[in-house]
Amino acid sequence: LFTAALLILLSAISAWVYFGFSLLSLFVCLFILGKNANPGYKLAWVVPILLMPLFGGMLYISFGRTARLRRKARKRLKRVERDTNHCYNTARTRSQELSQNLRDDARKLSELMLSQGGYPAYADCTVKYYPLGEDFWHALIEDLEKAENYIFMEYFIIERGKCWNAVLDVLTRKAVAGVDVRVIYDDIGCLFTLPWHYHKKLTDAGIKTRIFNKLKPTFNIRMNNRTHRKITVIDGKTAFTGGVNLADEYINEIDRFGHWKDTAIRIEGEAAHSFSIMFLQFWLMIGNESAPIGEYLPAPKEQNTRGLVQPISSDPGKNFQLIEKGLMTMIHNADRYVYINTPYLIPDNEFVTALCLAAESGVDVRITMPHVPDKKLIFVMSRSFYPVLLKSGVKIYEYLPGFVHAKSAVCDDSIAYIGTCNLDYRSFYLHYECGAFMYDVPEIADMKADYLATLERCKQITYEDATDVTAFTKLARSLLRLFAPLM
């Protein structure tokens, strides 16, 4: 009798529970549709919520809300930005003057990065381009050895091996010698590459260490926010950025996915100040402290070189996706060509439209992708974008020797970008990213030459190649495209 009564009660309750959760899902759908968000992101959530009304609403509440820092962290970040904003003031004033000497397309892009992100462009900088990770690594070690005052390093992935061990050896010796050595690494990025308490080993070696967004057993969208940035700053005079993490596959010491094609740049001059400020703002925000950033910015030294360098950073806490908008502006304003390297191709509709319109208007748009994927599901999803791009005249190439991890773009011999941002939703909307736009810098010619040389080792994908697939593959691509914003 008790069992029967319990079943009747649970049945009655379950009907009300189902109704309640379904009503919640309906309100969540209306909330999503009313948001000022990417349409693809909205669709990717509304469909599963409607298909699973019992769980969909709660799933969105747990994982789908716009990623934002916690209130305390937001207050810290605002305080840090307020306290350090003045460090850019002089450079911002000069940047507005310097950009007037650029061509219209470059000037518009530079002014956009300044007005929307607050990042100035700098003259009198020397840039060195590295077409492979091992080239970057050797230069990095050489410059680390020269450090006298401080070394700041922020990386998504650090893994013990030849690459990191050589860097760590220099950092340890420099810390003992009194150099201020600081390292930030991402907890998810290093989840399987470093021991759980590795930061204690670094601290014991005299290296100040902070872990960004420590992994916690909680259902929270903030766990999706990672620092994907790659930054090294030495004495405020020299900075490195690009796609290269501090692990052996990035310098081709081990073979995981064939030959690893990556790129990086070294910037010497006042533009290194921006990377110092980016790093210190992040450091202070994570650690809830304050410090006079100005003392880490040495007096600029003229390099007497042509062109401007504009370091930038983007983060998920702001509504304006700075790097994505910068790349789209470059594509929109292209006159002759745009050459792009990216390991993943999962752009939003606006970015796809920009690529297609440029190609349809006669611009030579080329995208180089890996032929050997590191993530097969993401690779299938990336290939699902091939047909629409190819049909519009975009040329797509796959790097036959292995994996392309470079994140770069060259346009019309006068504008280039190199940094950490992939062409996907995760980099555009969820990650902290960085990089640099360059205008009329001589090394843009090196980037173009390297791109064209790399094409000789690539296979050009035709529209027939992209569409000659099985019905199952077409179905899989369609489903994956629907959920692309969530990947």
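User: By class, how many nonpolar, polar and charged residues does the lining of the second largest cavity have?

Analyst: The model is predicted, so local features need pLDDT of at least 70 and side-chain atom pairs count only at pLDDT 80 or more, whereas totals for chains, interfaces and linings use all residues. Residues are numbered from 1 along each chain as its sequence is written, and side-chain values use heavy atoms, without hydrogens and water. As for classes, Ala, Val, Leu, Ile, Met, Phe, Trp, Tyr, Cys and Pro count as nonpolar, Asp, Glu, Lys and Arg as charged, and the others, Gly among them, as polar. The lining of the second largest cavity has seven nonpolar, no polar and two charged residues. It consists of Pro 343, Tyr 344, Pro 370, Pro 373, Asp 374, Lys 375, Ile 378, Phe 379 and Phe 403, and the cavity has a volume of about 30 Å³.

User: How many cavities of 30 Å³ or more does a search of the whole structure find, and which residues are closest to the centre of the largest cavity?

Analyst: Rolling a probe the size of a water molecule over the atoms shows where empty space is left. On a 1 Å grid over the protein atoms alone, a cavity is a set of points where a 1.4 Å probe fits but cannot get out, while a pocket is an open set with protein on both sides within 12 Å along at least five of seven lines; lining residues have an atom within 4 Å of a point. Points are joined across faces, edges and corners, and a volume is the space filled by probe spheres set on them. The search finds two cavities of 30 Å³ or more. The largest has a volume of about 60 Å³. Its lining has 13 residues, with Leu 327, Ile 340, Ser 408, Ala 409 and Leu 423 closest to the centre. At least two lining residues come from each of α11 (322-332), β10 (337-341) and β15 (408-411). By class, this lining divides into 10 nonpolar, two polar and one charged.

User: What is the volume of the largest pocket, and which residues lie nearest its centre?

Analyst: The largest pocket has a volume of about 930 Å³. Of its 36 lining residues, Phe 156, Tyr 344, Asp 374, Lys 375 and Arg 426 lie nearest the centre. Helix α15 (residues 425-430) supplies the largest share of the lining, three residues. The classes are 17 nonpolar, nine polar and 10 charged.

User: At what angle do the axes of α11 and helix α12 cross?

Analyst: Helices (H or I, at least four residues) and strands (E, at least two) are DSSP runs numbered from the N terminus. Axes are lines fitted to C-alpha atoms, for helices over the stretch in contact, and angles run from 0 to 180 degrees between N-to-C directions. The axes of α11 and α12 (residues 349-360) come within 9 Å and cross at roughly 15°. The two helices are therefore roughly parallel, since angles under 35 degrees count as such, over 145 as roughly antiparallel, 65 to 115 as roughly perpendicular and the rest as oblique. Contact, meaning heavy atoms within 4.5 Å, involves Glu 324, Leu 327, Met 328, Ile 331 and His 332 of α11 and Glu 350, Phe 351, Ala 354, Leu 355 and Ala 358 of α12. These residues divide into seven nonpolar, one polar and two charged.

User: Which residues of α6 meet α11?

Analyst: The axes of α6 and α11 come within 10 Å and cross at roughly 160°. That makes α6 roughly antiparallel to α11. From α6, Leu 109, Leu 112, Met 113, Gln 116 and Gly 117 meet Leu 322, Lys 325, Gly 326, Thr 329 and Met 330 in α11.
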